[in-house]
Amino acid sequence: MLLVRTGGIFGVIVSLIVAGIFFFVVRPAINDTTDRAFDTADRIIDSTNQQLDDTQRQIHEATNDLDIEGDYLAADNFAATVASIKSELRDDAEILDFTANPMGGNVKYRTGDRAAGFQFGTGFDGLQPVKVTLVGTGKLKDNVFPISTLQEDASAKLTAAVAKKAGAGFEIQSMTLGLSPVTGEIHWTVTGEGDGRQQVFQAGADATGLKKIS
């Protein structure tokens, strides 16, 4: 990622190329071939810039960085986030919960007898590891569920269902997938605001059966 984000070394390379062209091409021919020399310089610089662009693109694709702009609850952005999390963790990974809002969110997962997490969102470069501290007397193994439960299309389903229940003016503020402390069932909790009041909805793990709970 250093190569992608930092252009310092490339700037030096370009500067040296331009300097070399000036002293070895432009200066000896300055009286009669100035235009041709500068054309040569422009072509070399353009070629160098193209190579840098190609390199940046290849590095970006190789590292599979999460690069999202805009609402993280938007269907495509949400799907890309979930796909990135799944590619980072094992197929048999277990998570404690997942939360997303328009600006970002986090996921907490089990690693042995401990918990860890990732956060994502505006201002972050991909998934950022975060420390997770467990509190309470319950056992970790009783508070996790398969990562396969987290589906890429959940946001699209929940958004459509909420729009029917609460109307187009309702603004979703967060979506959380987790275990119910009462029933132990996995469900989605959607919070938001419409007509100046807060509302909370709940849906099944597959993002269906949405109902208003407050």
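**View 1. Lys108 and Asp97 form a salt bridge.** In this predicted model, local features need pLDDT of at least 70, side-chain atom pairs count only at pLDDT 80 or more, and totals for chains, interfaces and linings use all residues. Residues are numbered from 1 along each chain as its sequence is written, and side-chain values use heavy atoms, with hydrogens and water left out. The closest N and O atoms of Lys108 and Asp97 are 2.9 Å apart. A salt bridge is a side-chain nitrogen of Lys or Arg within 4 Å of a carboxyl oxygen of Asp or Glu. Lys108 sits in strand 2 and Asp97 in strand 1, eleven residues apart. Strands (E, at least two residues) and helices (H or I, at least four) are DSSP runs, numbered from the N terminus. Asp97 is buried, at 18% relative accessible area. Lys108 is partly exposed, at 23%. Buried means under 20%, exposed over 50%, and partly exposed in between (1.4 Å probe, protein chains only).

**View 2. Arg110 meets Glu94 in a salt bridge.** The N to O distance is 3.1 Å. Arg110 lies in strand 2 (residues 104-111) and Glu94 in strand 1 (residues 94-101), so the pair ties together parts 16 residues apart in sequence. Both are partly exposed: Arg110 at 27%, Glu94 at 30%.

**View 3. Lys86 pairs with Glu152 in a salt bridge.** Their closest N and O atoms are 3.6 Å apart. Lys86 belongs to helix 4 (residues 75-88), and Glu152 to the loop between strand 5 (145-146) and helix 5 (154-166), so the bridge ties together parts 66 residues apart in sequence. Lys86 is partly exposed, at 22%. Glu152 is too, at 27%.
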